[in-house]
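Colleague: Could you walk me through this chain before I set anything up? I'd like the overall layout, then a closer look at one residue.

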Amino acid sequence: MQFILTGNDGTDSKAPERRMNSRPAHLENIALMKKNGWFVFGGAILTEEGNMAGSVIVYDVPDRAFLDKLLETEPYILNKVWVKYEIKPFRV
């Protein structure tokens, strides 16, 4: 089952620093998901100035409970990079 996650970064002055500090661990996590076939595609949402302000990720996992378990280790959630995120069923 596929899901799309849309995550919005914080807008406080420390938000870009949280993202950059968490990015290496986030990319390692994504690489593991890709290796296991759970990551379809994703990327950064940009501001008009070209700065990262959020993320969109499409996952392919057995069910929502499985995705929720995977997201327990997502650095952008744990380190409060995404202050709000939404997950919906999706089909590529």
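**Layout and one residue**

Modeller: This is a predicted model, and from the N terminus on the elements of the chain run β-α-β-β-α-α-β.

Colleague: How many helices and strands is that?

Modeller: The secondary structure of the chain comes to three helices and four strands.

Colleague: And how compact is the chain for a globular protein of that length?

Modeller: The radius of gyration is 13 Å, close to the 12 Å that the globule rule gives for 92 residues, so the chain is as compact as a globular protein of that length. Taken along the principal axes, its C-alpha atoms fill a box of roughly 40 × 25 × 20 Å.

Colleague: What share of the residues counts as buried?

Modeller: Of the 92 residues, 34% count as buried, while the accessible surface of the chain comes to about 5800 Å², with 55% of that belonging to carbon and sulfur atoms.

Colleague: What about charges, how many positive and negative side chains are there?

Modeller: There are 12 positive and 12 negative side chains in the chain, and the centres of the two sets lie 2 Å apart.

Colleague: Switching to Gln2, where does it lie, and is it buried or exposed?

Modeller: Gln2 lies in strand β1, which covers residues 2–9. Its relative accessible area is 18%, and because the cut-off for buried is under 20%, Gln2 counts as buried.

Colleague: Which residues is Gln2 in contact with, leaving aside its neighbours within four places in sequence?

Modeller: Those contacts are Val40, Tyr59, Asp60, Lys88, Pro89, Phe90, Arg91 and Val92. For Val92 there is also a polar detail, in that its backbone nitrogen lies 2.7 Å from a polar atom of the Gln2 side chain.

Colleague: And how far apart are Gln2 and Tyr85?

Modeller: Gln2 and Tyr85 are 83 residues apart in sequence and 16 Å apart in space, C-alpha to C-alpha.

Colleague: Back to the whole chain, what share of the contacts between residues at least 6 apart joins residues at least 24 apart?

Modeller: Among those contacts, 69% join residues at least 24 apart in sequence.

Note on methods. Residues numbered from 1 in each chain as written. Predicted model: local features only at pLDDT ≥ 70, side-chain atom pairs only at ≥ 80, totals over all residues. Heavy atoms only, no water. Helix = DSSP H or I, 4+ residues; strand = E, 2+ residues; numbered from the N terminus. Buried < 20%, exposed > 50% of the residue type's maximum accessible area, 1.4 Å probe, protein only. Polar contact = N/O pair within 3.5 Å; in protein donor to acceptor, adjacent residues only side chain to side chain. Contact = heavy atoms within 4.5 Å. Rg over C-alpha atoms; globule rule 2.2 N^0.38 Å. Areas by Shrake-Rupley, 256 points an atom, 1.4 Å probe, with all protein chains shown as cover. Lys, Arg positive; Asp, Glu negative; His and termini not counted. Charge placed at Lys NZ, Arg CZ, Asp CG, Glu CD.
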